[in-house]
Amino acid sequence: MSVVPRAEILAVASILLGAIAQLTMKGALLLWGAHHGKPEFALSMARPAAGMLLGLLIYATGTLFWLKAVARASISYLYPLSAASYALVAVGGHFLFRERIEAGRWIGIAVITLGVALLALKNLGGSE
Amino acid sequence: MTPLVPLAGSVALNAAAQVALRYSTAGRGNRPAKLPRLWLGVWALSFCLATLLWLAAIRQTDISYAYPLLGAGYVLVTLLAKWFLSERISAWRWISILVITAGVVMVGVNR
């Protein structure tokens with residue numbers, strides 16, 4: 001049984017964290033928008049602000065993983081892989097924030113996923 | 001100046017940043033970079049600048065224009081990697097990258 005190449009694991013971690021960061025920051029912005037203009041605004045600013053900070057921290061962590069991944073595989077391989085985050089953020093937004101996604105966009109997401117799969121599957125024999 | 005100019009600039013800077021990062025960490029071909037920390041700095045600076053440019057310009061742009069630019073970024077990184085890092089890009093890799101680009105454009109157009 002072969003070991004999964006480490007570059008892919010690091011890249012997947014980075015991409016996942018990046019998507020989570022974006023969703024976290026989006027959630028924080030939505031929370032901020034919900035409270036804005038209300039009398040309790042000042043007090044309830046804490047949670048959206050904390051959410052944004054958390055999102056940035058998650059993003060920074062994801063970037064660290066990215067640095068490690070890029071040291072281990074071609075950038076023309078890794079960078080297009082990161083397009084998977086479009087699919088992840090879209091799906092996350094749909095389930096977390098009830099964002100409506102019509103058919104055309106779903107098809108686009110499917111095409112991105114197909115492209116990422118094509119790219120990854122051909123390269124799993126070794127990371128170059 | 002239409003907001004598409006800074007957006008395109010952002011995409012180009014980001015692509016350059018990624019290539020600089022790869023060069024910093026792994027050099028070109030068999031040869032490591034002579035000043036890896038310099039190139040890491042180039043990456044960090046370019047990345048921050050690209051992000052600021054994007055955030056500043058995206059509000060004034062129809063997002064269905066922004067996504068094709070992002071899609072073009074994948075092709076640009078591949079070309080820069082080929083030219084400056086001597087990376088070998090197989091036909092299969094090109095095809096998958098073009099499929100990804102098409103998908104990103106589709107997502108942008110369908111908003």
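A residue is called buried here when its relative accessible area is under 20%, exposed when that area is over 50%, and partly exposed in between, as computed with a 1.4 Å probe on the protein chains only. By that rule, 41% of the 111 residues of chain B count as buried. The structure is a predicted model, in which local features need pLDDT of at least 70 and side-chain atom pairs count only at pLDDT 80 or more, while totals for chains, interfaces and linings use all residues. Residues are numbered from 1 along each chain as its sequence is written, chains are lettered from A in the order in which they are written, and side-chain values use heavy atoms, with hydrogens and water left out.

The confidence of the predictor in each residue is given by pLDDT, on a scale from 0 to 100. For chain A the mean pLDDT is 89, and 88% of its residues reach 70 or more. Where pLDDT is low, the predicted coordinates should not be read in detail.

Chain B has four helices and zero strands, where helices (H or I, at least four residues) and strands (E, at least two) are DSSP runs numbered from the N terminus. Along its principal axes, the C-alpha trace of chain B spans about 45 × 35 × 20 Å. Taking contact to mean heavy atoms within 4.5 Å, one finds that, among contacts in chain B between residues at least 6 apart in sequence, 71% join residues at least 24 apart.

The buried residues of H4(B), among them B:Arg93, B:Ile97, B:Ile100, B:Val104 and B:Val107, pack against helix H4 (75–81), helix H5 (84–97) and helix H6 (103–123) of chain A together with helix H3 (63–85) of chain B.

Within this helix, B:Ile100 is buried, with a relative accessible area of 0%. Leaving aside its neighbours within four places in sequence, B:Ile100 is in contact with A:Pro80, A:Ala83, A:Ile112, A:Gly115, A:Val116, A:Leu119 and B:Tyr74. The C-alpha atoms of B:Ile100 and B:Gly71, 29 residues apart along the chain, are separated by 7.5 Å.

In soluble globular proteins, nonpolar side chains tend to be buried together. A nonpolar core is a set of buried Ala, Val, Leu, Ile, Met, Phe, Trp, Tyr and Cys residues joined through side-chain atoms within 4.5 Å. Of the 39 residues in the largest such core, A:Ile75, A:Leu78, A:Leu81 and B:Tyr74 touch the most other members. The elements that each supply at least two residues of this core are helix H1 (6–35), helix H3 (46–70), H4, H5 and H6 of chain A, together with helix H1 (4–26), H3 and H4 of chain B. H3(B) provides the largest share, six residues. A second, separate core of seven residues includes B:Leu7, B:Trp54, B:Ala57 and B:Ile58.

Aromatic rings of Phe, Tyr and Trp (its six-membered ring) pair if their centres lie within 6.5 Å, with planes under 30 degrees apart counted as stacked, over 60 as edge-to-face and the rest as tilted. By this rule there are four aromatic pairs over all chains. The rings of A:Tyr86 and B:Tyr67 have their centres 5.7 Å apart and their planes at 50 degrees, so this pair is tilted; because A:Tyr86 lies in helix H5 of chain A and B:Tyr67 in helix H3 of chain B, the pair joins two chains. At 12% relative accessibility, B:Tyr67 counts as buried. For B:Trp43 and B:Phe47, the ring centres are 5.9 Å apart and the planes at 10 degrees, so the pair is stacked. Both B:Trp43 and B:Phe47 lie in helix H2 (residues 36–58) of chain B, four residues apart, about one turn of the helix.

Two loop residues other than glycine deserve a separate look. A:Arg98, in the loop between H5 and H6 of chain A, has a positive phi near 55 degrees and counts as exposed at 74% relative accessibility. B:Ser86, in the loop between H3 and H4 of chain B, has a positive phi near 55 degrees and is partly exposed, with a relative accessible area of 40%.
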